[in-house]
Amino acid sequence: MAFKAQTFRTLGKLAIDFRTFGKLTLAGAIGASLVAGDVGAQQKTPSPGSAKAIFGAVKLPTQGPAQPIGFYAKGCMTGAEALPADGPTWQAMRLSRNRRWGNPAMISLLEKFSQDARAKIGWPGILVGDIAQPRGGPMFNGHASHQIGLDADVWFTPMPAQRLTYEQREDLPFTTMLQKDKFLTVDPKVWSEQRAELLMLAASYPQVQRIFVNPAIKKKMCDTWTGDRTNLGKLRPEYGHDSHFHIRMKCPPGDKGCTGQAPVAAGDGCDKSLAWWFTKEPWAAPKPSAKPPKPPREVMVSDLPKACSAVVNAPSIASAEAGTYGGPSAASALTAAPAAAPPVDTGSALPSVGPVPNDKPMVQ
Ligand SMILES: [Zn+2]
């Protein structure tokens, strides 16, 4: 049912896009709306007292051990750790959002993944997008999930050789992997074998359960991946996810408060479940006779698992630096070296493309 409701919301957006992009073909309009994915801009400001407002205002994680509480799209967390803004093989993006917090298992995975990406496939390093808020919980904009510290977004854009400034991390545009004038088609000028390898590397870790990618990217992988396909089924088609991919970890073993998700079905996923995305159904406008769906009620803290009320009020750690992986020196690296970074090459590698992609609707 959650799926249905979310689909309706998307449909409303598409109806607007069809008018906006009057000159484009229907298929083109669908593609464009996928790239835009600007749900954040449409969302009204959360009411004071809503879970989004409360968790969004918290600046620091709780003290004590790390614990994911609840489900990826309905929960919170204790004891989060922050990914340092910089590492040898990563740079964190959009620092103003304060969403570099995650379960320590996720922070370790990102470090390992970025190291392996460089060592095994020559990817220079990863740009890391949103992980979670300091205590998880629902966000103002951009995601339905990312609430328990076990989801992380990684850009399809490689880490540049230079260290980006704070401002560049705010402003660097997303680069879609899709062709703008075609329906659900990967752009061969942007896509690369190395990106395919990056996805399969991410899928290779046993603690990774799913990786969300745009249906066009999943299809491209199905059509072209000639290596071991054992983990191809972990790549799950989803709206958006055309300029970043989304890594979802399993609940850490023994974490009883963490509500897991069913494992992906056996097989490579290059089947009916993928073919559905290429039908009209996911993109169809609502039937005129259908009653307009009621806007969903705002999620309150009391709608989350009971323990999340205590998480809101639990004492904070002393500072963000204290909670950063690698300690205060890792945390302060960005501010400690204000050297003017060379301008980012926004030429062929980084064409300018639309606003923040997001994870709506939450199907998986
Ligand atoms: Zn995501």
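Reader: Which residues of α7 are buried?

Author: General idea: a residue is buried if 20 or more other C-beta atoms lie within 10 Å of its own, exposed if 12 or fewer, and partly exposed in between, with C-beta atoms placed from the backbone. In α7 the buried ones are Arg195, Leu198, Leu199, Met200, Ala202 and Ala203. Bear in mind that this is a predicted model: local features need pLDDT of at least 70, side-chain atom pairs count only at pLDDT 80 or more, and totals for chains, interfaces and linings use all residues. Numbering runs from 1 along each chain as its sequence is written.

Reader: What do those buried residues of α7 pack against?

Author: Two residues are in contact if their C-beta atoms, placed from the backbone, lie within 7 Å. By that test, the buried residues of α7 pack against α5, β8, β9, α8, β10 and β11. As for the labels, helices (H or I, at least four residues) and strands (E, at least two) are DSSP runs, numbered from the N terminus. The protein chain has twelve helices and eleven strands.

Reader: What span should helix α7 have?

Author: Take 1.5 Å times one less than the number of residues. Helix α7 (residues 193–204) has twelve residues, so it should span 16 Å, and its end C-alpha atoms are 16 Å apart, which agrees.

Reader: Now the sheet. In what order do the seven strands come?

Author: Strands pair if DSSP finds at least two bridges between them. Here the open sheet has the order β4-β5-β7-β8-β11-β9-β10, with mixed pairing. β4 (86–87) and β10 (235–237) are the edges, each with a single partner strand, so one side of each lacks a neighbour in the sheet. β4 runs antiparallel to β5 (residues 90–92), joined by two bridges, and Gly87 has Trp90 in β5 as its bridge partner.

Reader: Which helix lies across β4, β5, β7, β8 and β11?

Author: For angles, axes are lines fitted to C-alpha atoms, for helices over the stretch in contact, and values run from 0 to 180 degrees between N-to-C directions. Helix α5 (residues 104–121) is the one, running at about 155° to β7. Helix α8 (residues 215–224) also packs on the sheet, touching β9 and β10, and makes about 135° with the direction of β10.

Reader: Which residues touch the most other members of the largest nonpolar core?

Author: In soluble globular proteins, nonpolar side chains tend to be buried together. A nonpolar core is a set of buried Ala, Val, Leu, Ile, Met, Phe, Trp, Tyr and Cys residues joined through C-beta atoms within 7 Å. The largest has 66 residues, and Met106, Leu110, Val128, Leu199 and Ile211 touch the most other members. α5 gives the most to this core, with seven residues. Not counting residues up to four places away in sequence, Leu110 touches Leu83, Trp90, Val128 and Ala152.

Reader: Is His146 buried or exposed?

Author: His146 has 28 C-beta neighbours inside 10 Å, so it counts as buried. His146 lies in the loop between β7 and β8, and its phi is near 60°, a positive value in a residue other than glycine. Its C-alpha atom is 6.6 Å from that of Ala73, 73 residues apart along the chain.

Reader: Where is Leu184 found?

Author: Leu184 is in the loop between α6 (166–171) and α7. Leu184 has a positive phi too, about 40°, although it is not a glycine.
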